[in-house]
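Subject: Structure handover

Hello,

Here is the structure for you to look over. My notes follow directly below it.

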Amino acid sequence: MSQWNTVCKIDDIIPATGVCALVKGQQVAIFRPRHDDQVYAISNIDPFFESSVLSRGLIAEHQGELWVASPLKKQRFRLRDGVCMEDESRSVAHFDARVKDGEVQIKA
């Protein structure tokens with residue numbers, strides 16, 4: 001059964017950036033695209049290079065959706081579900097994320 005895991009305070013994540021957290025043995029990239037409390041969580045592992053880098057990617061908006069571009073070769077992953085824009089067979093895991101009482105929580 002999945003449960004909510006507190007990983008940090010929302011103020012620990014600078015707006016328009018991401019951070020990495022280890023949740024139940026998995027590297028999770030957590031993104032705060034704006035100054036509000038909306039957060040997204042996907043796997044931190046770039047599936048093209050098997051490198052732990054997605055949390056350092058650039059957040060961008062394309063056709064009304066938020067994406068993160070890998071810092072390696074710039075493949076884009078949709079924040080709401082981890083789908084890869086360039087190759088859906090290389091999509092990454094998505095995790096439910098929320099802010100409760102000022103703390104970021106990930107369901108894993």
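One definition before the findings: contact means heavy atoms within 4.5 Å. Please also keep in mind that this is a predicted model.

**Chain ends**

Ser2 sits in the segment that precedes β1 (4–9). Which residues does Ser2 contact, leaving aside its neighbours within four places in sequence? They are Lys107 and Ala108. The C-alpha atoms of Ser2 and Ala108 are separated by 5.2 Å, although the two residues are 106 residues apart along the chain. Ser2 counts as partly exposed, with a relative accessibility of 40%.

**Overall build**

The protein has eleven strands and zero helices. Along the sequence the pattern is therefore β-β-β-β-β-β-β-β-β-β-β. The C-alpha atoms fill a box of roughly 35 × 30 × 20 Å along the principal axes. The radius of gyration is 13 Å. For 108 residues, a compact globule would come out near 13 Å, so the value agrees.

Contacts across the sequence are worth a look too. Take those with a separation of 6 or more: 42% of them join residues 24 or more positions apart.

**Surface and charge**

Of the 108 residues, 38% are buried. The protein exposes about 6100 Å², and carbon and sulfur atoms supply 45% of that area. There are 14 positive and 15 negative charges. Their mean positions lie 2 Å apart.

**Cysteines**

How many disulfides does the structure hold? The count is zero. A disulfide is a covalent bond between the sulfur atoms of two cysteines. The cut-off applied to the sulfur pair is 2.5 Å. For Cys20, the closest cysteine sulfur is in Cys8, at 11 Å, which is too far for a bond. For Cys84, the closest cysteine sulfur is in Cys20, at 19 Å, again too far for a bond. Buried or exposed: what is Cys84? Cys84 is buried, at 0% relative accessibility. Cys20 is partly exposed, at 39%.

**Gln75**

Gln75 lies in the loop between β8 and β9 (76–78). Gln75 counts as buried because its relative accessible area is 13%, and the limit for buried is under 20%.

**Positive phi**

Two backbone angles deserve a check on your side. Most residues other than glycine have a negative phi. Lys24 has a phi near 55°, a positive value, and is not a glycine. Where is Lys24 placed? Lys24 is in the loop between β2 (17–23) and β3 (26–32). Lys24 is exposed, with a relative accessible area of 53%.

Gln63 is not a glycine either, and its phi is positive at about 50°. Gln63 belongs to the loop between β7 (58–62) and β8 (65–69). Gln63 is exposed, at 73% relative accessibility.

Best regards

Terms used. Residues are numbered from 1 along each chain as its sequence is written. This is a predicted model: local features need pLDDT of at least 70, side-chain atom pairs count only at pLDDT 80 or more; totals for chains, interfaces and linings use all residues. Side-chain values use heavy atoms; hydrogens and water are left out. Buried means under 20% relative accessible area, exposed over 50%, partly exposed in between (1.4 Å probe, protein chains only). Helices (H or I, at least four residues) and strands (E, at least two) are DSSP runs, numbered from the N terminus. The radius of gyration is taken over C-alpha atoms; the globule rule is 2.2 Å times the number of residues to the power 0.38. Accessible areas come from the Shrake-Rupley method with a 1.4 Å probe; for residues, only the protein chains shown count as cover. Lys and Arg count as positive and Asp and Glu as negative; His and the chain ends are not counted. The place of a charge is taken as NZ of Lys, CZ of Arg, CG of Asp or CD of Glu.
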